[in-house]
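Q: I would like to learn how to read a protein model, one feature at a time. Where do we begin?

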Amino acid sequence: MKIRRRTEAVIDLTRLSSNAALIRRRLKPGVQFMAVLKGDAYGHGIEGVIGALEEAGADQYAVATWEEGAKIRACGSTKPILILDDIGEYDLDGLLDNHLMPTVYTLSMAQELNDKAAQKGTTAHIHIKIDTGLHRVGFLPGPEAIDQIEAISRLPHVKIDGIFSHFARADQRKTAEVGADGLNATQRQLQTFLSLTEELQRRGVDVGLRHIMNSPSFLLYPEAQLDMARVGDVLFGLSPTDEVDLKDLGFQQVFSWYTRVAMVKELPAGEEIGYEGGYTTKRPTRVATLPVGFADGFRWNLSNKGCVRVRGKLAPIIGRVCMDQCMVDVTDIEGVERGDTVSLIDDDLTIEKMAKLLSTNIDEIACDISPRVPKRYIR
């Protein structure tokens, strides 16, 4: 892969479309596919991927903020867009003007939306959030929640288009602890959610689409499909669980990241490299400097730990990763020279491997790639 800049991310839209098709094939007939694009499409760039997803037939989208939803609208999509994050009074104009669906988890939020929609002469379409065990936000199941959701359903300028919850431990099935009731934590959350929605339906409340499935449950709990599946990580070929190998299912990582060699120098044994003498050469060493660093999202804690790929071979990072540069040992790689392309993330140096190396989450790696890293979209 020949790059055009000091560093460059490459997003493969053919792989993205293929992943979307695989998701479709695993869903039961009639189950909608909500493509989750929060975190600027997990660092892949909303504007760059939305066209491929429109072609692939995503039914709906989910993002974190109304500003992300507005980006999708600006690209021409008319499909439903769910806002997952909190909304405040300052968000309401942007939400309603862009025809976005906020997540509502208090009666007062719904009342504010109703009043603002009335002022604008429109209807606010919403999804209700239920807290079945993650304990971030959502109505806690019980009689009070049932009463308040029923009250929301009667507001004249609010329409409930969906009701949902979120799993806390859906990445575990083989290793999940099973309780005396024969259920693990994820199955218990699902049962709690279904019981609440059934009670609302008995009350005559139209809850719209029921959805609780996220990426790990998409892989491990097919019984959680209900009316719609929210899939983010898997769409981009990122595995949210160690219990399934995505490659075995045909999913492919969409994102790769490259830089180039800026300089190669020969150093004798005993030379300190980088800030604070972070590495000392143990032999005569050929050091390649790369013009990428933690300001690009190439993490500081890869220092003396991570590897890159040069001319098809792994080169260890030596010394501290700097803000804009880092150094690697290419002593055992023949012919490395200025201008050589270097893989930071590819099909073997995966985001998942980097996350495990750094004891962090795959999404943190993907979302932390800096906006200053240009993206190139290929098919």
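A: We begin with a sorting rule for residues. Ala, Val, Leu, Ile, Met, Phe, Trp, Tyr, Cys and Pro count as nonpolar, Asp, Glu, Lys and Arg count as charged, and the others, Gly among them, count as polar. Keep in mind that this model is predicted.

Q: How do the residues of the lining of the largest pocket divide under that rule?

A: The lining holds 18 nonpolar, 14 polar and 18 charged residues. The space in this pocket is about 1300 Å³. Its lining has 50 residues, and the closest to the centre are Asp-233, Pro-240, Asn-361, Ile-362 and Asp-363.

Q: Which helices each supply at least two residues of that lining?

A: They are helix 2, helix 9 (215-220), helix 10 (351-357) and helix 11 (362-367). Helix 10 gives the largest share, 4 residues.

Q: How should I read a helix, and which residues of helix 4 are buried?

A: The general idea concerns the turn. An α-helix has 3.6 residues a turn, so residues three or four places apart point the same way. In helix 4 (residues 66-74), the buried residues are Glu-68, Gly-69, Ala-70, Ile-72 and Arg-73. Buried here means under 20% relative accessible area.

Q: What covers the buried residues of helix 4, and what follows that helix?

A: The cover includes helix 2 (38-42), helix 3 (46-56), strand 3 (60-63) and strand 4 (81-83). After helix 4 comes Gly-76, with a positive phi near 100 degrees.

Q: Which residues touch the most other members in the largest nonpolar core?

A: A core is read through its contacts. This core has 115 residues, and Leu-37, Ile-128, Ile-152, Leu-235 and Phe-298 touch the most other members. Another core, of 5 residues, lies apart from it and includes Ile-273, Tyr-279, Ile-318 and Met-327.

Q: What does Ile-152 touch?

A: Leaving out residues up to four places away in sequence, Ile-152 touches Val-104, Thr-106, Leu-107, Ala-110, Ile-126, Ile-128, Phe-139, Val-158 and Ile-160.

Methods
Residues are numbered from 1 along each chain as its sequence is written. This is a predicted model: local features need pLDDT of at least 70, side-chain atom pairs count only at pLDDT 80 or more; totals for chains, interfaces and linings use all residues. Side-chain values use heavy atoms; hydrogens and water are left out. Buried means under 20% relative accessible area, exposed over 50%, partly exposed in between (1.4 Å probe, protein chains only). Contact means heavy atoms within 4.5 Å. On a 1 Å grid over the protein atoms alone, a cavity is a set of points where a 1.4 Å probe fits but cannot get out, and a pocket is an open set with protein on both sides within 12 Å along at least five of seven lines; lining residues have an atom within 4 Å of a point. Grid points are joined across faces, edges and corners, and a volume is the space filled by probe spheres set on the points. A nonpolar core is a set of buried Ala, Val, Leu, Ile, Met, Phe, Trp, Tyr and Cys residues joined through side-chain atoms within 4.5 Å.
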